[in-house]
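Hello,

Here is the structure you asked about. My notes follow below it.

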Amino acid sequence: MLGERNGGFKIAMNALNVGRIKLGVACLEAQRRVTSKSIQYAKERVQFKKPIASFGAIKEKIAQMASSCYVGESACYRAAYDIESRIKYHIDNGLNRQEAELKGVEDFAIECSLIKVGASEDMQNCADHGIQILGGMGFSADTPMESAWRDSRIGRIYEGTNEINRMLSIGLILKKGIKGDLDLMPAVMKATMLMGSERKKEIQESPLFQENQLIENFKYLFLMIAGNVIQKYGNNLEKEQQVLLALSDILIEIYFCESAILRTIKNYNREGAKNQETQIEMVQNYVFEAQNLMTRKAKEIIFHLTEDNKIERDQLISAVEKHGDYIKSPNYFALRTKIADRFIKENSYFI
Ligand SMILES: Cc1cc2nc3c(=O)[nH]c(=O)nc-3n(C[C@H](O)[C@H](O)[C@H](O)COP(=O)(O)OP(=O)(O)OC[C@H]3O[C@@H](n4cnc5c(N)ncnc54)[C@H](O)[C@@H]3O)c2cc1C
């Protein structure tokens with residue numbers, strides 16, 4: 001006997017949780033290498049008598065690739081640290097190493113799924129940009145980009161397909177809410193009240209103030225929408241797969257954005273503004289893309305949810321538009337140029 005009788009399924013499920021965060025980290029490392037290779041190629045390849053790295057169209061891609069590496073990295077570091085701390089906590093509270101590892105990873109099963117999905121899709125997008133930067137050579141099997149794209153494609157399928165992991169993450173949150181491990185309903189009620197009220201339009205000059213506020217608001221919007229979804233579909237919720245997928249998209253972006261904001265502010269306080277300049281720009285760039293996606297997904301759910309109730313629809317949409325939008329937007333083209341210039345100078349993603 002390798003473990004307790006009838007305990008095998010749990011061990012197998014936990015092996016999947018570990019596999020998911022490991023897959024996320026593997027995708028992330030591939031993403032960093034693809035980004036560095038693309039930067040190096042773009043500096044060497046000359047078209048119209050200039051290195052293609054000097055063109056805005058290429059800089060935009062480099063900035064997007066670097067920003068998603070940085071944000072994905074932040075999510076992976078955060079989850080790995082949280083899991084390690086929880087394992088230590090369980091050992092300190094009397095579990096043996098094996099039990100503590102099983103329980104420690106299980107406690108963060110939701111995060112493992114979010115990372116698996118987010119990082120595998122970011123890797124795919126990154127490899128796609130990489131192929132585009134290499135042009136015709138990118139499509140050829142003679143260069144590493146073609147295999148990077150093909151290899152990254154499987155990341156979205158194994159360790160549970162991304163559809164299954166998306167539904168699983170939302171299902172686990174609801175399950176924790178029902179079991180009482182998560183104070184879900186009081187949080188939903190608070191969110192509904194807050195998102196129904198006016199938004200304070202203050203802006204502070206501290207770094208990532210707006211981004212931080214936006215992600216906080218999206219957490220409340222997520223809870224408000226999830227509450228409405230639970231109320232409407234109840235036990236039939238698992239049949240509403242498109243709703244679950246859209247909710248999960250919002251959750252992934254919240255987790256990734258929040259991880260990057262926390263990391264950057266911590267390092268800003270430790271090391272100062274100059275040291276974190278590019279990191280702040282990358283977070284601003286990523287959060288802008290995430291805000292667009294989360295707004296679209298939130299609206300898609302609301303349109304479905306309130307098909308026959310215009311008053312409710314107007315109220316929910318108004319909450320998304322009021323609390324989920326920027327008060328003052330940065331110049332994103334300038335931001336992306338600055339990010340790309342920094343990495344082109346460094347000759348790789350690493351800073
Ligand atoms: C290169 C490679 C290596 C692998 N290595 C391993 C390994 O080491 N260990 C291991 O155990 N497995 C491994 N696998 C298997 C892998 O985990 C499965 O391929 C994967 O889980 C998907 O299962 P499937 O292929 O049966 O697809 P299906 O389950 O048939 O899925 C097909 C499509 O239907 C969707 N779908 C399925 N069920 C649902 C549902 N209930 N609701 C909504 N959509 C659904 C899926 O998301 C997918 O888009 C590997 C696969 C490959 C290709």
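First, the terms for helix packing: axes are lines fitted to C-alpha atoms, for helices over the stretch in contact, and angles run from 0 to 180 degrees between N-to-C directions. Helices (H or I, at least four residues) and strands (E, at least two) are DSSP runs, numbered from the N terminus.

This is a predicted model: local features need pLDDT of at least 70, side-chain atom pairs count only at pLDDT 80 or more, and totals for chains, interfaces and linings use all residues. Residues are numbered from 1 along each chain as its sequence is written.

**Helix pair**

Helix H11 covers residues 277-305 and helix H12 covers residues 310-323. They pack at an angle of about 170°, with axes 10 Å apart. H11 and H12 are therefore roughly antiparallel (angles under 35 degrees count as roughly parallel, over 145 as roughly antiparallel, 65 to 115 as roughly perpendicular and the rest as oblique). From H11, Thr295, Ala298, Lys299 and Ile302 meet Arg313, Leu316, Ile317 and Val320 of H12. Contact here requires C-beta atoms, placed from the backbone, within 7 Å. By class, this contact of H11 with H12 has five nonpolar, one polar and two charged residues. Ala, Val, Leu, Ile, Met, Phe, Trp, Tyr, Cys and Pro count as nonpolar, Asp, Glu, Lys and Arg as charged, and the others, Gly among them, as polar.

**Domains**

The domain assignment gives domain 1 (8-162) and domain 2 (183-339). Such bounds come from an automatic or database assignment. The domain centres, taken over C-alpha atoms, are 22 Å apart. In the contact, 18 residues of domain 1 meet 15 residues of domain 2. On the domain 1 side, helices H2 (56-92) and H4 (109-134) each supply at least two residues. H2 gives the largest share, 14 residues. That side has eight nonpolar, six polar and four charged residues.

**Glutamate 111**

Glutamate 111 sits in H4. Is it buried or exposed? Glutamate 111 is buried, because 24 other C-beta atoms lie within 10 Å (buried needs 20 or more, exposed 12 or fewer, partly exposed in between; C-beta atoms are placed from the backbone). Beyond its neighbours within four places in sequence, glutamate 111 contacts Ala79 and Tyr255. Arginine 20 is 91 residues away in sequence but 9.3 Å away in space, C-alpha to C-alpha.

**Ligand**

Around the ligand are Ile154, Ile157, Tyr158, Gly160, Thr161, Glu163, Ile164 and Gln241. A residue qualifies if its C-beta atom, placed from the backbone, lies within 6 Å. This shell divides into four nonpolar, three polar and one charged.

Best wishes

Definitions and conventions
Two residues are in contact if their C-beta atoms, placed from the backbone, lie within 7 Å.
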